Amino acid sequence: NTTLRLTSGSFALTNALTMGNGAAISRANGSISTAPTFAGTVNVTYTGATAGITSGPELPTSTSVLNNLTIDDAGQTVTLGAMVTVNGDFAITAGTLDASASNYALTVKGSWTNGGTFTARSGTVTLGGVDQSINPTATFYNLTTSGSGTKTLLGTTNPLTVNHDFTVGSGTTFTVGAHPIAITGVTTLSGQLNINSLTGAKNFGDVIVNSGGTWNESVNDPV
């Protein structure tokens, strides 16, 4: 599949550029003036930058086009310039993704992996896919689940911190094992929250269980 590499300078589009289904965009310090036409899905990677950058037209604004999003910019920060929907996997392998002072929302429908830094600001992250895995070495502001299936925290000791509200949406299950969890704001359950391990402190603020919601604690773990 075709890869468009934005290494340096500005790529000024004077004619339409159509990228085929499954194409990729790799951005370092370069930029593109206007969004290409996407014939299908595209994978976007930020890598090789020598200074912080803000996402631009290379990052699709359509909710159905972006497949995988990878941040691999050691020592640098990628700041969101718009809200983003990732229909595949999201990964920070190095560097930082910043939701920006505009608090742009991020929806992820595949796996969430964070080996760098996620700066949530006051934004909302939605886990909106099916049977997702989450490496929770991150601090969220608002965390919401939608879609269907089970959202499962990986690892054994990785903490999950939500500095504002945590919402488990209808039709979804959020499963917590031996993970320390700290929810500062309100936990709202329209789906199911499973807590199945005594290991790791589970700290919650106010909890609202709506009709159809379930708090399922299979162990006697203080919260």
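The model is predicted: local features need pLDDT of at least 70, side-chain atom pairs count only at pLDDT 80 or more, and totals for chains, interfaces and linings use all residues. Residues are numbered from 1 along each chain as its sequence is written, and side-chain values use heavy atoms, with hydrogens and water left out.

**The sheet**

- Strands are DSSP runs (E, at least two residues), numbered from the N terminus, and two strands pair if DSSP finds at least two bridges between them.
- Strands of a sheet pair through backbone hydrogen bonds, either parallel or antiparallel.
- Here, seven strands form an open sheet with parallel pairing, in the order β10-β12-β15-β18-β21-β24-β27.
- The edges are β10 (84-86) and β27 (207-209); each has a single partner strand, so one side of each is left without a neighbour in the sheet.
- From one strand to the next, the twist averages 10° (axes are lines fitted to C-alpha atoms, and angles run from 0 to 180 degrees between N-to-C directions).
- Three bridges join β10 to β12 (residues 106-108) in the parallel sense, and Thr107 in β12 is the bridge partner of Thr85.

**Aromatic pairs**

- Rings of Phe, Tyr and Trp (its six-membered ring) pair if their centres lie within 6.5 Å; planes under 30 degrees apart count as stacked, over 60 as edge-to-face and the rest as tilted.
- The structure has six aromatic pairs.
- In one of them, the ring centres of Trp112 and Phe118 are 5.3 Å apart and the planes are at 90°, so the pair is edge-to-face.
- Both Trp112 and Phe118 are buried (under 20% relative accessible area; exposed is over 50%, and partly exposed is in between, with a 1.4 Å probe and protein chains only).
- Phe166 and Phe174 are also edge-to-face, because their ring centres are 5.0 Å apart and their planes are at 75°.
- Phe166 is buried at a relative accessible area of 2%, and Phe174 is buried at 1%.
- One aromatic cluster is made up of Phe90, Trp112, Phe118 and Phe140.

**Salt bridges**

- A salt bridge is a side-chain nitrogen of Lys or Arg within 4 Å of a carboxyl oxygen of Asp or Glu, and the count here is two.
- Arg27 and Glu58 form one of these, at 3.1 Å from N to O.
- Arg27 lies in strand β4 (residues 23-27) and Glu58 in the loop between β8 (53-54) and β9 (66-79), 31 residues apart; both residues are buried.
- Asp98 and Arg121 form a salt bridge at 2.9 Å, N to O.
- Asp98 belongs to strand β11 (residues 90-98), and Arg121 to the loop between β14 (117-119) and β15 (124-127), 23 residues apart.
- Asp98 is buried, at 10% relative accessible area, whereas Arg121 is partly exposed, at 42%.

Key. Helix = DSSP H or I, 4+ residues; strand = E, 2+ residues; numbered from the N terminus.
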